Amino acid sequence: MRRRRTGGRSARVRTQVLQSVGALLLEAGYDGLTVDAVAERAGVHRTTVYRRWRDVGHLLADVLDTASDDTWSPPDTGSLEDDLTALNQEVYEALTGGGPNLTTALIAAAFRSTQAATALSRFWEDRYARCAVVATRAADRGELPGPADSRALLVAATAPLYHELLLLRAVSDPTLPHRAARAAAAAAGAGVFSTPQ
């Protein structure tokens, strides 16, 4: 169930609490993230946190759900390869940003918390839905032989980044976003992701 939207003091408290969740997750990891620690860091009473979020899993879920409360949309560069490169560049920067990385910390936490895992799935569903237009635009421009499975295309474009940077922990390679995008765009142009018309 998605959180209810509130304003005023309640919104300020929520902001303080969720910022504290992110900071503590980076500093202490999942095992060091407790409701009491979050309440202390946020400067609110522990009962406030327990009453609204109940446990760490729901706190993490709210942090992840908040990530979808934005106006982000995929860039329109004029070509499929460049659109995918721009998307991959955003992923690359999120995964390789200097210092502690909240993106990777939240992904790791999702393996420890059912609520966080469910919220992470919601986040990906939202992003895939927003990115469907990338395949539609490419088909309209004549870059694809017809309608394409946008999710399969996006997974093919971004998977090398997650595999190299998260799973293999490979040395950052600034050419990776474009190389992966180029390969996915070429496959799409060859009809690999085409859907029945």
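1. Helices here, and strands too, are DSSP runs, numbered from the N terminus. With that settled, the domain: UniProt, in an unreviewed entry, puts "domain: HTH tetR-type" at residues 11-71. In this predicted model, that span comes out as 74% helix and 0% strand.

2. On confidence, the chain has a mean pLDDT of 93, and 95% of its residues reach 70 or more. Going element by element, helix H9 (residues 176-189) has the highest mean at 98. The lowest mean among the elements belongs to helix H6 (residues 102-110), at 93.

3. Now the charges. Side chains of opposite charge can pair when their charged atoms come close. Searching the whole structure turns up 16 salt bridges. One of them joins aspartate 76 and arginine 137, with 3.7 Å between the closest N and O atoms. Aspartate 76 is in the loop between helix H4 (56-66) and helix H5 (80-96), while arginine 137 belongs to helix H7 (residues 114-140), so this contact ties together parts that are 61 residues apart in sequence.

4. Arginine 137 counts as buried, with 15% relative accessibility. The cut-offs matter for that reading: buried means under 20%, and exposed means over 50%.

5. Two other salt bridges to look at. Arginine 127 meets aspartate 126 at 3.0 Å, N to O. Arginine 127 is buried at 14% relative accessibility, whereas aspartate 126 is partly exposed at 23%. Further along, aspartate 173 bridges to arginine 179, and their closest N and O atoms are 2.9 Å apart. Here aspartate 173 is partly exposed at 26%, and arginine 179 is partly exposed too, at 38%.

6. On to the rings. A pair of aromatic rings is described by the distance of the centres and the angle of the planes. The whole-structure search finds two aromatic pairs. For phenylalanine 123 and tryptophan 124, the ring centres are 5.2 Å apart and the planes make 65 degrees, so the pair is edge-to-face. The label follows because planes over 60 degrees apart count as edge-to-face. Phenylalanine 123 is buried, at 15% relative accessible area, and tryptophan 124 is partly exposed, at 29% relative accessibility.

7. What about the pair of tryptophan 124 and tyrosine 162: how far apart are the ring centres, and at what angle are the planes? The centres are 5.9 Å apart and the planes are at 85 degrees, so this pair is edge-to-face as well. It links distant parts of the chain, since tryptophan 124 is in helix H7 and tyrosine 162 in helix H8 (residues 150-167), 38 residues apart. Taken together, the ring pairs join Phe123, Trp124 and Tyr162 into a cluster.

Note on methods
Residues are numbered from 1 along each chain as its sequence is written. This is a predicted model: local features need pLDDT of at least 70, side-chain atom pairs count only at pLDDT 80 or more; totals for chains, interfaces and linings use all residues. Side-chain values use heavy atoms; hydrogens and water are left out. UniProt positions are given in the numbering used here, feature names are shortened, and annotations may be inferred rather than shown by experiment. Helices (H or I, at least four residues) and strands (E, at least two) are DSSP runs, numbered from the N terminus. A salt bridge is a side-chain nitrogen of Lys or Arg within 4 Å of a carboxyl oxygen of Asp or Glu. Buried means under 20% relative accessible area, exposed over 50%, partly exposed in between (1.4 Å probe, protein chains only). pLDDT is the predictor's confidence in each residue, from 0 to 100. Rings of Phe, Tyr and Trp (its six-membered ring) pair if their centres lie within 6.5 Å; planes under 30 degrees apart count as stacked, over 60 as edge-to-face and the rest as tilted.
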